[in-house]
Amino acid sequence: MKHRFKHRLNQLALAIVLPMAVINAAVAADALEYASVSELGKLMADNELTAVALVEHLTERMASLDKQVPTLNAVIELNPQAVEIATALDQERAQGQIRGPLHGIPVLLKDSIDTADMLQTSAGSLAMVGQPASRDAFIVEQLREAGAIVLGKTNMSEWAYVRDMELPHGWSGRGGQSKNPHVLSEGVCGSSSGSAVAVAAGFAPLSIGTETNGSITCPATANGVVGVKPTLGLFSRSGIVPITRLQDTPGTLTRSVRDAALMFNVLQGMDSADAATAGAPQGIDYTALLANDALNGKRIGYPIAYTGSHGARLTPSFEFLMAMATMQELGATLVPLTMRLPDMGDYFTGLMGGMKHELPEYLASRTGLPVQSLQELIDFNTLNPGHDGYGQSMLEAINALSTTHQEATVIIEALNAAFKEAIDEQLREHNLDALVSEDDGFSQFSAAVASYPAITLPSGMNGDGLPTSVFFFGPRWSEPQLLAMAYSYEQESQHLQHPAFK
């Protein structure tokens, strides 16, 4: 009762300062869920919208679409403090204190990202439900400082899809099965599935996912949104449930390239707890190069085949052919390539070896959880599988692994160097600014193992009513250039399509 009374006083005080405590009648409510950060910021600046009203509107939308038919299951948990935070940010705005473009903008976080509030951080696992984290992840600190409102946690493939690779993408014990908002019976891909579904469905303009290999790019494609995986080290990983820091990185999921760039402006920064961030560029304005003509004069390679034991000749889809034609119309030169696909070797052994040693370190940073070790996690899942017949073969394999952390590091570093060179040699030989592909799997895998940046964005819809995508990737720290090229393509093609929920 005391909390509700205090909250009511805060609302009353805000109404005195800001008479627009509800959405202005001139603003169509159904336009808010798909509005960009810039559009929402302008509405707030013009006193046509408050952060409180936006949070309440999006919360009602989630209550309708996420927990009732069509029951998307994109969001595991909502932040009970979101309205209180929004109230304080509205008061700051009324006093002329604007933190930046993300001031009052809701953001959803993957359930593997620590928040020191009332929300759980569980990697989708029932075994991790207990006391919340004691401190925010570094990237959450950055978001809060920028004025973003943590709206809640998104569903994910449990344990970032390393519980058992036979389980459906987008399923977790805590969150259930996420659904594709475009075609409900189709897959969502993983493991940042909920983060992609939520943005596509208009639950928030911004979300954060994580990727080890494909966990941002694949759900971005499946759900028709913009997914950006940065160069490893550009964003901090501290306070994030690991597979392994040898490959892990957080990244963004949005409905536009500009919104992604605005998030990059906030999320860059050196973290003393993550050594990889020490060599990253600082103070970059990732919106600076965004222009409609950014593709003009660029040389972009596109793979027509990958050589190697797992390689293949690629057959472009109609949508990708149209995407390349658009790039050419915008002044880009498209260069066909045959790319080398290095042998994967012991790649998965390296990843599992990393997790075997890094997960216990993460668990040691948390208190009040039902499990404190990998073995205890396995024992818990045996008794509480979350779904009849759902196993945990990957967790069991990781637990049984004898690979040391140093051995895992050697494996991943060697493969990282090999995949970097496979990309770099094409950039050098053909004097390229970037590479582009569709969702062929080979390009996405190569960029991930090389720890190189990549952007996935919509390129249309296929005959089954599902989104298709183009995938820009390039060398280390080339995010400003990749964002610019993706923006130019996006502005010309305008292929973002809101879901039909059928």
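Cys-189 and Cys-218 are joined by a disulfide, with 1.7 Å from S to S, a disulfide being a pair of cysteine sulfur atoms within 2.5 Å. The model is a predicted one, in which local features need pLDDT of at least 70 and side-chain atom pairs count only at pLDDT 80 or more, while totals for chains, interfaces and linings use all residues. Residues are numbered from 1 along each chain as its sequence is written, and side-chain values use heavy atoms, with hydrogens and water left out.

A search of the whole structure finds one disulfide, and the link of Cys-189 and Cys-218 is right-handed, with 95° about the S-S bond. Cys-189 lies in the loop between β5 (176-177) and α8 (193-200), whereas Cys-218 belongs to helix α9 (residues 217-223), so the pair ties together parts that are 29 residues apart in sequence. Helices (H or I, at least four residues) and strands (E, at least two) are here DSSP runs, numbered from the N terminus. Cys-189 counts as buried at 13% relative accessibility, and Cys-218 as partly exposed at 23%; buried means under 20% relative accessible area, exposed over 50%, and partly exposed in between, with a 1.4 Å probe and protein chains only.

In soluble globular proteins, nonpolar side chains tend to be buried together. A nonpolar core is a set of buried Ala, Val, Leu, Ile, Met, Phe, Trp, Tyr and Cys residues joined through side-chain atoms within 4.5 Å. The largest such core has 86 residues, of which Leu-143, Phe-203, Met-327 and Phe-472 touch the most other members.

Which residues does Phe-203 touch, not counting residues up to four places away in sequence? The list includes Leu-58, Arg-61, Met-62 and Leu-65, as well as Leu-108 and Leu-151, where contact means heavy atoms within 4.5 Å. Helix α4 (residues 51-65) has 15 residues and reaches 21 Å from its first C-alpha to its last, close to the 21 Å expected at 1.5 Å a residue, the expected span being 1.5 Å times one less than the number of residues. Among the buried residues of α4 are Leu-58, Arg-61, Met-62 and Leu-65. Strand β2 (residues 106-110) is mostly covered, with five of its five residues buried. β2 pairs with strand β3 (residues 149-154) in the parallel sense over five bridges, and Lys-110 has Thr-154 of β3 as its bridge partner; two strands pair if DSSP finds at least two bridges between them.

Rings of Phe, Tyr and Trp (its six-membered ring) pair if their centres lie within 6.5 Å, with planes under 30 degrees apart counted as stacked, over 60 as edge-to-face and the rest as tilted. By this rule the count comes to eight aromatic pairs. One of them is the edge-to-face pair of Tyr-347 and Phe-348, at 5.3 Å centre to centre and 70° between the planes. The rings of Tyr-347 and Phe-445 have their centres 5.3 Å apart and their planes at 70°, so this pair is edge-to-face. Tyr-347 lies in helix α12 (residues 347-364) and Phe-445 in helix α16 (residues 442-449), so the pair ties together parts that are 98 residues apart in sequence. Tyr-347 is buried at 2% relative accessible area and Phe-445 at 16%, whereas Phe-348 is partly exposed at 37%. Ring pairs link Tyr-347, Phe-348, Phe-419 and Phe-445 into a cluster.
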